[in-house]
Amino acid sequence: MLDVEGGWYATIQAPRIRSEEEWALELLRKHGVLVQPGFFYDFESEAFLVVSLLTQPAIFEEGIRRMVGVADEGD
């Protein structure tokens with residue numbers, strides 16, 4: 001996770017084993033986790049994912065758990 005300077009979202013650097021778009025689509029379609037790809041925020045390199053910090057804590061925790069599981073599968 002990148003340093004947070006304020007705001008309502010956090011930025012996570014995903015393993016560069018697929019593009020941001022591929023990460024976002026796989027997380028949504030296969031795991032029900034909604035993230036935004038970094039290119040929505042003009043990140044110049046891969047692979048950054050943006051998650052909302054406004055999500056209820058239990059739902060946020062489950063979403064992050066699923067993201068970590070997907071990343072671990074790719075190793």
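Let's start in the middle: the largest nonpolar core has 14 residues, and Trp23, Leu27, Val35, Leu49, Val51 and Met67 have the most contacts inside it. Strand 1 (9–13), helix 1 (20–31), strand 3 (48–52) and helix 2 (57–74) each give two or more residues to this core. A nonpolar core here is a set of buried Ala, Val, Leu, Ile, Met, Phe, Trp, Tyr and Cys residues joined through side-chain atoms within 4.5 Å, and buried means under 20% relative accessible area (1.4 Å probe, protein chains only). Helices (H or I, at least four residues) and strands (E, at least two) are DSSP runs, numbered from the N terminus.

A word on what you're looking at: this is a predicted model, where local features need pLDDT of at least 70, side-chain atom pairs count only at pLDDT 80 or more, and totals for chains, interfaces and linings use all residues. Residues are numbered from 1 along each chain as its sequence is written, and side-chain values use heavy atoms, with hydrogens and water left out.

Now step back to the whole chain. Read along the sequence, it goes β-α-β-β-α, with two helices and three strands. Of its 75 residues, 29% are buried.

Leaving aside neighbours within four places in sequence, Val51 is in contact (heavy atoms within 4.5 Å) with Trp8, Tyr9, Ala10, Ile12, Val35, Phe60 and Met67. Contacts also say something about the chain overall: of those with a separation of 6 or more, 62% are between residues 24 or more positions apart.

Technical notes. Buried means under 20% relative accessible area, exposed over 50%, partly exposed in between (1.4 Å probe, protein chains only).
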